[in-house]
Structures are given as structure tokens and as C-alpha cells.
Amino acid sequence: MSQSPRYQRVMLKVSGEALMGDRDYGLDTATCRRIAEDVKGVTELGVQVCMVIGGGNIFRGIAGAAAGMERAQADYMGMLATVMNALGMQSALEKAGLPTRVQSAIPMASLCEPYIRRRAIRHMEKGRVVIFAAGTGNPFFTTDTAAALRAAEMGCDALLKGTQVDGVYAADPRKNPQAERYVTLTYLDMLSRDLAVMDAAAISLARENKLPIIVFNIHEPGAFTAVMQGEGRFTTVVESQ
């Protein structure tokens, strides 16, 4: 296997649900530890890594709104959930031997740093993993959009989305085993076919900044490292095929 990474600086977006493992709610420490080891493997290739983690394993704002809660208030609660996940992942990364910083879009001085773009870039240049928490700091925006935004601000070479399956499919492969898996797609394909991998705002932001989106299975040990070396199974979303 080649040790030359395809990218030098990447954003890894992980859903909150990915941290649950076999649990129905909350954080599974073994899952966090495994993801941390995968991130460590990528940093050992010389790749600078930053992360955004969702909050759906604790609270999902849009679900709260659907249940009758005011949407903005529900989204703020979801942002707090992402901070909890970021702190949990920070602990796992540091136990794996990786220096890590959490930066929150909503200032929480006792828990983590405020989001400061230049400071975040400097952390990565020094080999630290930076986790961006609290989304964009604004309601009505998903953590996918926050990941695309921070990736653009950090000058990342690619946005990687770790999901439950090994790429983008025409339908849910867990419900339809015959569903077609795409190797490459364009941003417009994602939007026109309504492929529910990332929301439209995130895809549009990635397109505007010429930021490739790579979708892979976060639950497969070593998959993150393999993708960085151009190996394994994944889907790449770019401007044109």
C-alpha cells in the first residue's frame, strides 16, 4: 500500500449517530476509540485533520421542531449536543496520543476555545487535530453545512463524510441490497437526484469552493487511512466526472 496521501489537509465529518455503536443513545467509548485510532493513522501519513461531529445521538434540532418545539430553540439545543460529542471525541483522540483542540462557534470559555480561524489553522500546522463544535453558531444550518463552511475556511483539500455505508447509493443499501453504488458523482447529480447524503446548502458550498466530497464507511476500521491513499470503497463528488 502506498504511503503517499492524496490530500494534505482534510475535514472529516462524522454524524452523531456514528458514535453510538450498538447503543440506542449517547456515546459508545469503544466506537470513539476506534475512530480516534483511524484519525491517528491518517495523521501519521502527514495529513492535517480537522473534524465536525453531529449531535443526533443526543438531540436533533429538526426532530425537536417536528415535535412542536420552536425550530431555533431546538437547533441551539442540537448545537450543545455537538459540543458534548466534540469533548468526548477529544478525550478519545488524546488517549490515542493526538493533541487535540475543540473550538466552539458558541463561546464556552470554561470548556473549549472560541472559533478563531487563524488559530485553528495554526493548530493544524502544529499537528493538532481541531474539532469544530456548535455548528455554524446559527440555527437553521446543519452540521453538514458547518463542515463544508469550516473546510472552506481552513483551505482543506477535501471534505470526507463518514457514513454508515461505503459510499453513495441510488437507494438505501440496507433496505435494497440491489441498490447501485456510485464511484463518482457531480455536485449537480447529488442535487438533482436528491441523494440524501448531505443537505443542499452543504453541497452548494462545497461546489462553490471546488471542494471534493468523499463518502466512505466510518465503521470499517482503517477505511479513513485507505481513502487517503486512494484505496478502498468510497464515492467521490466533484464538479465533473
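A residue is called buried when its relative accessible area is under 20%, exposed when that area is over 50%, and partly exposed in between (1.4 Å probe, protein chains only). The structure is a predicted model, in which local features need pLDDT of at least 70 and side-chain atom pairs count only at pLDDT 80 or more, while totals for chains, interfaces and linings use all residues. Residues are numbered from 1 along each chain as its sequence is written, and side-chain values use heavy atoms, with hydrogens and water left out.

Gly 55 is buried, at a relative accessible area of 7%. It sits in the loop between strand E2 (48-53) and helix H2 (61-66); helices (H or I, at least four residues) and strands (E, at least two) are DSSP runs, numbered from the N terminus. Setting aside residues up to four places away in sequence, Gly 55 touches Gly 16, Ala 81, Thr 82 and Asn 85, where contact means heavy atoms within 4.5 Å.

Pro 139 is also buried, with 14% relative accessibility. Its loop lies between strand E5 (129-133) and H5. Beyond neighbours within four places in sequence, Pro 139 contacts Ala 72, Asp 75, Tyr 76 and Met 79.

Now to helix H7 (residues 200-208), where Ala 202, Ile 203 and Ala 206 are buried. These residues lie on the same side of H7, because they cover an arc of only 100° around the axis, taken from the directions from the helix axis to the C-beta atoms. Their cover includes helix H5 (143-154), helix H6 (187-192) and strand E10 (213-217).
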